[in-house]
Amino acid sequence: MPFEVTLQPSGKQFTVQEGTSILEAGHDADIALPYSCRAGACRTCRGRIVEGQIDHGHVHPTYLPLEEREQGYALLCQAQPLSNLVIEVQELDIMGSIRSRVCPGRVKEMRRVTPDVMIVRIKLPMNEDVMFLAGQFVEFVLANGERRAYSIASAPSIGGVTSIELHVRHTPGGLFTDYVFDGMKVHDLVRMELPQGTFFLREDSDKPLVLLASGTGFAPIKSILQYAQQKQIKRPMTFYWGGRTRADLYEMDWVERYASENEGFQFIPVVSDATPACGWSGRTGFVHRAVMEDFPDLSKHQVYACGAPIVIESAKRDFAEQCSLPLQEFFADSFLDAGDRAQARS
Ligand SMILES: Cc1cc2nc3c(=O)[nH]c(=O)nc-3n(C[C@H](O)[C@H](O)[C@H](O)COP(=O)(O)OP(=O)(O)OC[C@H]3O[C@@H](n4cnc5c(N)ncnc54)[C@H](O)[C@@H]3O)c2cc1C
Ligand code: FES
């Protein structure tokens, strides 16, 4: 049976049909609730149930510990109502005019920049003029109905865009990336839903920015950087890009050029497992540790982080616990794969 949800503090209301998550019903009602993985594994959609009963759904205690459940917290991408509800959650105003949609695309260009990273440009239908916020991602809809997410690396445009750039890292044995690296051809037709997610630059703040990426986590940061340049955003920005080897930082020239053109932007590349072939003389170690060495106090910063789940989880925890970063100033997309999703459901 359907139940009514009232959001706090906005007072907005919507109906949740049986079998539908609170997040999905909110989105169907055009209410911009924060989300990323929709698999119960990133916590972006966390809200607090102020009144009413829910079924928490498939939520692993790693992502919603028992004590948080007892305090009323829920992951809204998994939770379903068992009564009418009042939920406290942070809504996003800026998403209002941007609608996600399923559309076809055609592979326009493929550029293998390292043995395991492919930069793919997808041409979108001419009549669609796709709008998105810098930092958001697309989901490929595969023939078997499964979906795979990739962050958009190119910049948005006010009137919409007709092509997008994606950075795809090969996961050997992976359903989609095996196809990208060993089957996909220029002119191939693909099906996508876009834009997705709520990782984008919060422009209602003037706090200095720390941007953090591991590997292809650079993609959404590249989009945000181009957008910041277009909009002449003058907030101080420091970008840390981590890879195992020098080759993982596959567009370092691009970032260095950006740094030379943009006052107030600093670039710190960090390599964790440099080999003699890297010829590396820069920073070494874990990328989030480099941030902590340079910014022992993050209490007045905003952080945007993207890439491997272990990097995002470590950064979120250590920045909050050891560098006083307020948790609401940490924004992230964690690049979870099917294995991570299966683990979240177990
Ligand atoms: C919001 C978001 C944005 C992302 N953006 C990017 C991006 O810009 N660039 C990028 O490179 N990646 C990105 N990713 C990751 C991307 O979506 C894919 O997960 C990744 O590319 C692997 O896809 P695949 O289909 O090749 O592998 P998958 O088929 O997902 O397999 C990945 C691994 O999981 C294992 N596995 C599969 N199914 C199961 C199961 N049921 N149980 C246990 N193990 C299993 C496989 O053997 C393999 O080792 C993003 C992810 C998210 C959530
Ligand atoms: S969107 Fe709900 S946990 Fe990731």
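## Domain layout

The domain assignment divides the chain into domain 1 (3-91), domain 2 (98-196) and domain 3 (209-341), and the model described here is a predicted one. Taken over C-alpha atoms, the centres of domain 2 and domain 3 are separated by 22 Å, and the contact between these two domains draws on 21 residues from domain 2 and 17 residues from domain 3.

## The interface of domain 2 and domain 3

The size of an interface is often given as the accessible area lost when the parts come together. Between domain 2 and domain 3 the buried area is about 1,500 Å², with carbon and sulfur atoms giving 55% of that area. On the side of domain 2, Ala 134, Ser 151 and His 167 supply 29% of the area buried against domain 3, which is more than any other three residues.

Polar and charged pairs also cross this interface: 6 residue pairs are in polar contact, counting pairs with both residues at pLDDT 80 or more, and the rule finds 2 salt bridges between the two domains. The strands β8 (101-114), β9 (117-123), β11 (147-151) and β12 (163-169) each supply at least two residues of the side of domain 2 that touches domain 3, and the largest share, 4 residues, comes from β12. Sorted by class, this side of domain 2 has 11 nonpolar, 5 polar and 5 charged residues.

## Salt bridges

Side chains of opposite charge can pair when their charged atoms come close. The count of salt bridges in the model comes to 22. One of the pairs joins Arg 99 and Asp 30, whose side chains meet at 3.6 Å, N to O; this pair links distant parts of the chain, with Arg 99 in the loop between β7 (85-88) and β8 and Asp 30 in the loop between α1 (22-28) and β3 (46-51), 69 residues apart. A salt bridge is also formed by the side chains of Glu 251 and Arg 111, with an N to O distance of 3.6 Å.

## Surroundings of ligand 1

Ligand 1 is surrounded by 24 residues, of which the closest are Arg 148, Ala 149, Tyr 150, His 167 and Thr 177. In the case of Tyr 150, an N or O atom of the side chain is 2.6 Å from an oxygen atom of the ligand.

Backbone atoms take part as well: a polar backbone atom of Phe 176 is 2.8 Å from an oxygen atom of ligand 1, while for Leu 336 a polar backbone atom is 3.3 Å from an oxygen atom of the ligand.

Conventions. Residues are numbered from 1 along each chain as its sequence is written. Chains are lettered from A and ligands numbered from 1 in the order in which they are written. This is a predicted model: local features need pLDDT of at least 70, side-chain atom pairs count only at pLDDT 80 or more; totals for chains, interfaces and linings use all residues. Side-chain values use heavy atoms; hydrogens and water are left out. Domain bounds come from an automatic or database domain assignment. Contact means heavy atoms within 4.5 Å. Buried area is the accessible area (1.4 Å probe) that two parts lose on being put together, summed over both. A salt bridge is a side-chain nitrogen of Lys or Arg within 4 Å of a carboxyl oxygen of Asp or Glu. A polar contact is a pair of N or O atoms within 3.5 Å; within protein, one must be able to donate a hydrogen and the other to accept it, and residues adjacent in sequence count only if both atoms are side-chain atoms. Ala, Val, Leu, Ile, Met, Phe, Trp, Tyr, Cys and Pro count as nonpolar, Asp, Glu, Lys and Arg as charged, and the others, Gly among them, as polar. A residue is near a molecule or strand if one of its heavy atoms lies within 4 Å of it.
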